[in-house]
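Have a look at the model with me before I start writing.

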Amino acid sequence: MATPSSSERRYEPAKVLLAEDDDAFRTLVAGALRRDGYEVIELQDGAALLEYCANNLSSDGTIRDVDLIVSDVRMPGFSGLDVLIALRRVASAAPVVLVTAFGDPSLHEFAKKLDAVAVLDKPFDLDDLCEVIVARLARRRGERRREREH
């Protein structure tokens, strides 16, 4: 697994919001992320994800106490794409990684237009997910550091 460096851990544990309707897969991904030092908030479907985001949306568009969202695309109620669209409508720049067993080029293109961090097609290597998260969180910390300097 790609683990956060010691400099990244100063700010950690980063909090990852994980929405996945497949219990076994959610448990597997959450376990891998926890082993890599992340705090994971697990949600079972898109409705719970949308509710969590709505209840924790800050005035600056971030989701309080969440550094990154990982969401399945196809879930009961609201899909990961539905949540991503809703977040972008309220000007939230919350970083979102989508995972799907039904990926196609149009889905990837649409998610990119919505500024998704990545779309990973199932099955994927958990190391790939961890690398995406590490890279995005490092980029986000750099952006915050530059904002503080100005």
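Is phenylalanine 124 buried or exposed? I looked up its relative accessibility and got 16%, so phenylalanine 124 counts as buried (buried is under 20% relative accessible area, exposed is over 50%, partly exposed is in between, with a 1.4 Å probe and protein chains only).

A note to myself on the ground rules: this is a predicted model, where local features need pLDDT of at least 70, side-chain atom pairs count only at pLDDT 80 or more, and totals for chains, interfaces and linings use all residues. Residues are numbered from 1 along each chain as its sequence is written, and side-chain values use heavy atoms, with hydrogens and water left out.

**Aromatic rings**

I searched for aromatic pairs and found 1 (ring centres of Phe, Tyr or Trp, the last by its six-membered ring, within 6.5 Å; planes under 30 degrees apart are stacked, over 60 edge-to-face, the rest tilted). Phenylalanine 25 and phenylalanine 124 form this pair edge-to-face, at 5.8 Å centre to centre and 85° between the planes. My helices and strands are DSSP runs numbered from the N terminus (helices H or I, at least four residues; strands E, at least two).

I also checked for a charge over a ring (NZ of Lys or CZ of Arg within 6 Å of the ring centre and within 35 degrees of the ring normal). The charged end of arginine 74 sits over the ring of phenylalanine 102, 4.0 Å from its centre.

**Salt bridges**

How many salt bridges does the whole structure hold? My search gave 6, counting a side-chain nitrogen of Lys or Arg within 4 Å of a carboxyl oxygen of Asp or Glu.

I started in helix α2 (residues 23-35), where aspartate 23 and arginine 26 lie 3 residues apart, about one turn of the helix. Their closest N and O atoms are 2.9 Å apart in a salt bridge. Aspartate 23 is partly exposed at 44%, whereas arginine 26 is buried at 7%.

Next I noted arginine 34 with glutamate 42, a salt bridge of 2.9 Å, N to O. Arginine 34 is partly exposed at 40%, and glutamate 42 is partly exposed at 33%. A salt-bridge network links Asp23, Arg26, Arg34 and Glu42.

Lysine 122 is in the loop between β5 (118-121) and α6 (126-149), aspartate 72 in strand β3 (residues 68-72), 50 residues apart. I have lysine 122 as partly exposed at 21% and aspartate 72 as buried at 5%.
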